[in-house]
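Here is a short note for a colleague who has not seen this model before. Please read it beside the structure shown next.

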Amino acid sequence: MKNILVVDDEEKIRIVIKKYAEFEGYNIVEAGDGMEAIDKFKEESFDLVILDVMMPELDGFSTCRELKKIKDVPVIMLSARGEEYDKIHGFELGIDDYVVKPFSPKELMMRMNAVMTRHRVNAADADNNHEIYESEGLKVDFTSRIVTVDGVKTDMTPKEYDLLFYMIKNRGIALTRERLITEVWGYDYYGDDRTLDTHIKLLRSSLGDYRKFLVTLRGVGYRFEA
């Protein structure tokens with residue numbers, strides 16, 4: 001049974017998530033604030049964390065940063081604010097998805113399932129294969145999930161890695177926005193395509209001079225061309 005930590009200072013939110021998640025077969029552990037979440041994270045092993053942004057004492061961003069220091073676990077962030085800045089900040093910290101309140105509990109369950117499925121698939125791929133791609137000063141180790149730019153390791157968010165890896169493996173192919181969202185975020189992803197644009201911006205920033213490899217196809221999508 002998958003163990004999920006739900007962190008939100010609103011008890012009603014925790015109750016709703018717990019009700020739907022337990023129906024899906026998950027075990028739920030609750031925390032009312034960031035400090036309590038960190039304590040419970042140290043005591044137990046979790047497969048996913050659902051984390052609210054606006055909380056007393058320690059906000060969701062700071063909590064996420066501390067949790068990632070302990071263990072790299074998938075994180076879905078909840079927030080009443082949908083500004084791009086908040087989403088970018090969350091993705092830079094390594095979250096896997098960002099859900100704006102109010103949300104549909106059924107949709108949240110689908111996002112949870114998609115995130116954990118991708119996490120399992122990525123882990124399995126890392127165990128079974130070892131593949132490296134190089135072009136000019138860009139080196140990508142798919143197995144170790146290490147990207148170096150001119151010999152310097154660059155730290156990226158989990159979704160930046162996923163997006164870059166998919167585009168490289170399909171290099172030279174015109175990838176529509178719909179295909180990228182479906183293949184990288186999952187067929188049941190219910191977010192908008194601005195999430196893709198946000199990650200392309202982050203990825204270009206991470207690649208430095210090699211951002212030139214990410215070609216924008218107006219009205220279509222993107223292509224990795226090196």
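1. The model is predicted, with local features needing pLDDT of at least 70 and side-chain atom pairs counting only at pLDDT 80 or more, while totals for chains, interfaces and linings use all residues. Residues are numbered from 1 along each chain as its sequence is written, and side-chain values use heavy atoms, leaving out hydrogens and water.

2. Four strands form an open sheet in the order S6-S7-S8-S9, with antiparallel pairing (strands are DSSP runs of E, at least two residues, and helices runs of H or I, at least four, numbered from the N terminus; two strands pair if DSSP finds at least two bridges between them). Strand S6 (132–135) and strand S9 (152–154) each have a single partner strand, so one side of each has no neighbour in the sheet.

3. The largest nonpolar core has 28 residues (buried Ala, Val, Leu, Ile, Met, Phe, Trp, Tyr and Cys joined through side-chain atoms within 4.5 Å; buried means under 20% relative accessible area with a 1.4 Å probe, protein chains only). Among those with the most contacts inside this core are Val147 and Leu164. H6 gives the most to the core, seven residues.

4. Val147 stands opposite Thr154 in S9.

5. Asp96 lies in the loop between helix H4 (84–92) and strand S5 (97–100). Is Asp96 buried or exposed? Asp96 is buried and has no salt bridge (a side-chain nitrogen of Lys or Arg within 4 Å of a carboxyl oxygen of Asp or Glu). The nearest side chain of opposite charge, Lys68, is 4.6 Å away (Lys and Arg count as positive, Asp and Glu as negative; His and the chain ends are not counted).

How values were computed
Buried < 20%, exposed > 50% of the residue type's maximum accessible area, 1.4 Å probe, protein only.
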